[in-house]
Amino acid sequence: MSSETLTRAQRSIDLVKRQAILDAASRSFFDHGFAATAIEQVAADAHVSKVTIYNQFGDKRGLFAAAIERECERMGEHFAIPPMPELPLRARLEAIGTAMTAFMSRPEMIQFDRRIAAETEADPAIGAAFLEAGPRQMLRAFTALLRSLNAAGEIAVADPELAAEQFVAMCKGLGDLERRFGCANDPERNARRISAAVDTFCRAFAVSSAD
């Protein structure tokens, strides 16, 4: 077996170990919290040594950040902002608002938010890591879309990032807080919020020919 083949095999083994570690860590972090999670238990659950975890992630904070990033990536698979050039502006915004609201209404997303909020009270760096890996990444994607619409002459926006943030806030309303504090998801209310958000956005920014 050549050295190159051995290297590829080792990388494959390392990747399998990394996934096993992250699986075990995610379960522990989100079931028991950061403080109650022990590297020793994660190593036992993942069938690796503590040294392997330290080599891969540095320390428990690095492991937690990696677990957050992976969970955000997984959740992000359920939320995307396609260009949809064939649709009118209003229809595209409706689709984006609907996708965002559906994403934020997922039970696992609500649970994830609660856990992160609880951990952030003890360690603000945890919240900062989550915001960067999740919400801010999505905001950047939506901002990029608005910039492209601005360049194409479909909208006239001086600050695309702020406009993206405002649109998301209008679509959410109090819905995300209501769900986080135990209220049932209300699809009808969600739809009314999204429709009103699209109307407001188009009145403020749409070029008449694009509306």
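Helices (H or I, at least four residues) and strands (E, at least two) are taken here as DSSP runs, numbered from the N terminus. The structure is a predicted model, in which local features need pLDDT of at least 70 and side-chain atom pairs count only at pLDDT 80 or more, while totals for chains, interfaces and linings use all residues. Residues are numbered from 1 along each chain as its sequence is written, and side-chain values use heavy atoms, with hydrogens and water left out.

**Overall build**

The chain has 11 helices and zero strands. Of its 211 residues, 39% count as buried, where buried means under 20% relative accessible area, exposed over 50%, and partly exposed in between (1.4 Å probe, protein chains only). With contact defined as heavy atoms within 4.5 Å, residues 24 or more positions apart account for 68% of the contacts in the chain that have a separation of 6 or more.

**The largest pocket**

Pockets are found on a 1 Å grid over the protein atoms alone: a pocket is an open set of points with protein on both sides within 12 Å along at least five of seven lines, and its lining residues have an atom within 4 Å of a point. The largest pocket has a volume of about 760 Å³, a volume being the space filled by probe spheres set on the points, which are joined across faces, edges and corners. Its lining is made up of 30 residues, of which Met 104, Leu 131, Pro 135, Val 168 and Lys 172 lie nearest the centre. At least two lining residues come from each of helix 4 (60–76), helix 5 (89–105), helix 6 (107–122), helix 7 (124–133), helix 8 (135–151), helix 9 (160–172) and helix 10 (175–180), and helix 6 gives the most, with seven residues. By residue class, the lining divides into 20 nonpolar, three polar and seven charged; Ala, Val, Leu, Ile, Met, Phe, Trp, Tyr, Cys and Pro count as nonpolar, Asp, Glu, Lys and Arg as charged, and the others, Gly among them, as polar.

Rings of Phe, Tyr and Trp (its six-membered ring) pair if their centres lie within 6.5 Å, and planes under 30 degrees apart count as stacked, over 60 as edge-to-face and the rest as tilted.

| Pair | Centre to centre | Angle between planes | Geometry |
|---|---|---|---|
| Phe 29 and Phe 64 | 4.7 Å | 90° | edge-to-face |
| Phe 34 and Phe 64 | 5.4 Å | 85° | edge-to-face |

Phe 34, in the loop between helix 1 and helix 2 (39–46), lies 30 residues from Phe 64 in helix 4, and their pair links distant parts of the chain. Phe 29 counts as buried because its relative accessibility is 0%, and Phe 64 counts as buried because its value is 2%. Phe 29, Phe 30, Phe 34 and Phe 64 form one aromatic cluster. The charged end of Lys 60 sits over the ring of Phe 34, 4.5 Å from its centre, the rule being that NZ of Lys or CZ of Arg is within 6 Å of the ring centre and within 35 degrees of the ring normal.

**Two further buried residues**

Ser 26 is found in helix 1 and is buried, with a relative accessible area of 8%. Not counting residues up to four places away in sequence, Ser 26 touches Ala 67, Arg 70 and Glu 71. Leu 149, found in helix 8, counts as buried at 5% relative accessibility. Leaving aside neighbours within four places in sequence, Leu 149 is in contact with Leu 89, Arg 92, Glu 154 and Ile 155.

Methods
On a 1 Å grid over the protein atoms alone, a cavity is a set of points where a 1.4 Å probe fits but cannot get out, and a pocket is an open set with protein on both sides within 12 Å along at least five of seven lines; lining residues have an atom within 4 Å of a point.
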